[in-house]
Amino acid sequence: MRMYNGMERPEFTPERITGLKADEIFVFGSNLAGMHGGGAAYVAFRQFGAVMGCGVGLRGQSYAIPTMQGGVETIKPYVDDFIAFAREHPELFFYVTRIGCGIAGFRDKKIAPLFSEAVGLENVCLPESFVKALN
């Protein structure tokens, strides 16, 4: 466990997230059209305020990162934007799910390096599989 904003937080993003504290954000893989019909995107839509038709950025307690538009190189700019957003919002705590590793079909070892700049951010929690792939 770690402390952030006076609250205990897990070291790694939990496999299943069913609820969030007021300052927590669910970061998920989406498609550019914002059709959140399956996987973590559906969870984001049903539980954490993701909006149909919005495939990028913060909505409610969710942050969409597009992963369905091509190769890993097409995902990187959106991850970079997310990392910049997280740096600008230290009042929020972000749980990054295994974006791109479900319906989009990428492996953790391909996606994890995109998040290397997030490793030192205290308000970003990564999946254990990403951290292992980076080490």
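Two strands count as paired if DSSP finds at least two bridges between them. Helices (H or I, at least four residues) and strands (E, at least two) are DSSP runs, numbered from the N terminus. This is a predicted model: local features need pLDDT of at least 70, side-chain atom pairs count only at pLDDT 80 or more, and totals for chains, interfaces and linings use all residues. Residues are numbered from 1 along each chain as its sequence is written, and side-chain values use heavy atoms, leaving out hydrogens and water.

**Strand 6 and its partners**
- Y95 stands opposite C125 in strand 7.
- Strand 7 (residues 124-125) runs parallel to strand 6, with two bridges between them.
- Strand 3 (residues 24-30) is also parallel to strand 6, joined by four bridges.
- F26 stands opposite Y95 in strand 6.
- In strand 6 (residues 93-96), F93 and Y95 point one way, and F94 and V96 point the other.
- All four of these residues, F93, F94, Y95 and V96, are buried (under 20% relative accessible area, 1.4 Å probe, protein chains only).
- In a regular strand, side chains alternate between the two faces of the sheet.

**Overall fold**
- The protein has four helices and seven strands.
- Their order along the sequence is β-β-β-α-β-β-α-β-α-β-α.
- The C-alpha trace spans about 40 × 30 × 25 Å along its principal axes.
- Buried residues account for 44% of the 135 residues.
- Of the contacts (heavy atoms within 4.5 Å) between residues at least 6 apart in sequence, 60% join residues at least 24 apart.

Conventions
Buried < 20%, exposed > 50% of the residue type's maximum accessible area, 1.4 Å probe, protein only.
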